[in-house]
Amino acid sequence: MKNNISSFPNGFIWGAATASYQIEGAWDEDGKGESIWDRFSHTPGKTQNGDSGDIACDHYHRWHDDVAIMKELGLQAYRFSISWPRVLPAGLGEINQIGIDFYSNLVDALLEAGIEPYVTLYHWDLPQAMQDLGGWPERMIVDAFVEYSDVLSRALGDRVKHWITLNEPWVSAFVGYREGRHAPGHTDLDEAIAAAHHLLLSHGEAVPVIRANCPGASVGITLNLTPQEPASPSIADRKEANWVDGYINRWFLDALVGRGYPQDMVDGFGNTMEFVLPGDLDAISVPIDFLGVNYYTRGIARSNDVPEVDNLPPTVFRGDEITEMDWEVYPMGLYNILGRLHFDYGFPAIYITENGASFPDIITPEGQVDDTARLSYIQRHLAKVNETIQIGVPVKGYFVWSLFDNFEWAFGYSKRFGIVYVDYETQERILKSSASWYRKVIKRNSIDVNI
Ligand code: FCB
């Protein structure tokens, strides 16, 4: 039986996503410069098992076969990122033509396969040479990013019509410079706040450059958005939820739509914000064609400010369905955040640029991977996407994270998100059940399909 949330509007875009450092490998080949992730993962103790992206999925050498897999899946779009140091080994200045050619050939092959490229300019692999000059906390990075965006959009702009400036600036800034779990591994809040500003400013200044080089292109930015719910109705828990919401979501959303940085957060951070110069906030709020949303889970906020005995008992609890990342499976959070983006912030179009789940995968003796939990995760989130479309939210497409199992940052290869299994010893690719299912979804433009 079909119901109204199974079928998607005509023209809805079905895709899958990856990122350069997570799949390419070839970390020092053909003139590529070192990135902060090369440096970080080569530093003992920074990643699980000491894993690095040195080889990853060896996509740099296997891209041709990988595009054939995408075609076999019927993907309409492929979101991938460019390794900045592969193209500009020092971050600016000298261009590495072999690096440009790699991406240019990939784009040609995609188009020939009928797959629309969605290019992310920055998915965390900053040239180490730029970090050596201070990295994102320093204002010099803005000009460098604009130069990089210019080089890339000139090289690919005749063919690439969809551009994403940054992937998840919150993670780059706060996980990289404050929490230290990601490259470059710093733990300084003030650095992180400055980094966040320079990331947003880089985005804002790159948008017109990309538009000038690629007339008619659609340009946006991708944020990781995690809706927060207070664990109880207490004032303390509601304050905490609002604080975490400000930290992860509002800091970026408000600035992008021209509301500036949220004052409660500025006060809470206690930062003088002297790196915000006149004109910066206008540049950051340049109109964008779409917002990219990466959604995985929700947060439940419980205050530490009052002793537990003085707080109200919790009324909101984590469900018992948890992914291997220890993230709660909570499709309703996607519905809630999408609704808010439309009704509160009014973005003209939204793409889900990442959504998916890590679960342990087992290969059966027949060589199959029956990843029903992942399939079910994707299906239920897609149902919520469709419900938001029914209430008027302009969601234009969905990219599953990820096309391939890959290097999951500090977790190394221990977490598999792919709809395509990768055997890291042999580099064999195996379509999981979720991939076979997704192929049918794409074909029928409906999630009401069996495996
Ligand atoms: C997102 C990242 C992506 C991947 C997923 C699981 O934050 O953008 O590269 O690691 O999480």
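By class, five nonpolar, four polar and three charged residues form the shell around the ligand. In this scheme Ala, Val, Leu, Ile, Met, Phe, Trp, Tyr, Cys and Pro are nonpolar, Asp, Glu, Lys and Arg are charged, and the others, Gly among them, are polar. The structure is a predicted model, in which local features need pLDDT of at least 70 and side-chain atom pairs count only at pLDDT 80 or more, while totals for chains, interfaces and linings use all residues. Residues are numbered from 1 along each chain as its sequence is written, and side-chain values use heavy atoms, with hydrogens and water left out.

**Ligand site**

The residues around the ligand, including His-123, Asn-167, Glu-168, Tyr-296 and Trp-401, are those with a heavy atom within 4 Å of it.

| Residue | Distance to a ligand oxygen atom |
|---|---|
| Gln-22 | 2.7 Å |
| Glu-408 | 2.8 Å |
| Trp-409 | 2.9 Å |

Taken alone, the ligand exposes 300 Å², of which the protein buries 94%; areas come from the Shrake-Rupley method with a 1.4 Å probe. The ligand sits in the largest pocket, meaning that more than half of its atoms lie within 2 Å of the pocket's grid points. A pocket is an open set of points on a 1 Å grid over the protein atoms alone, with protein on both sides within 12 Å along at least five of seven lines.

**Backbone features**

Most residues other than glycine have a negative phi, and most peptide bonds are trans. A cis peptide bond with omega of about 10° joins Trp-401 and Ser-402, and Trp-401 is also one of the residues around the ligand. Ser-402 is placed in the loop between strand E10 (395–401) and strand E11 (420–423); strands (E, at least two residues) and helices (H or I, at least four) are DSSP runs numbered from the N terminus. Another cis peptide bond, with omega of about 5°, joins Ala-183 and Pro-184.

Asn-49 has a positive phi near 65° and lies in the loop between helix H2 (36–41) and helix H3 (59–73). With a relative accessible area of 70%, Asn-49 is exposed. Asn-445, in the segment after helix H15 (433–444), has a positive phi of about 55° and is buried, at 16%. Buried means under 20% relative accessible area, exposed over 50%, and partly exposed in between (1.4 Å probe, protein chains only).

Note on methods
A polar contact is a pair of N or O atoms within 3.5 Å; within protein, one must be able to donate a hydrogen and the other to accept it, and residues adjacent in sequence count only if both atoms are side-chain atoms. On a 1 Å grid over the protein atoms alone, a cavity is a set of points where a 1.4 Å probe fits but cannot get out, and a pocket is an open set with protein on both sides within 12 Å along at least five of seven lines; lining residues have an atom within 4 Å of a point.
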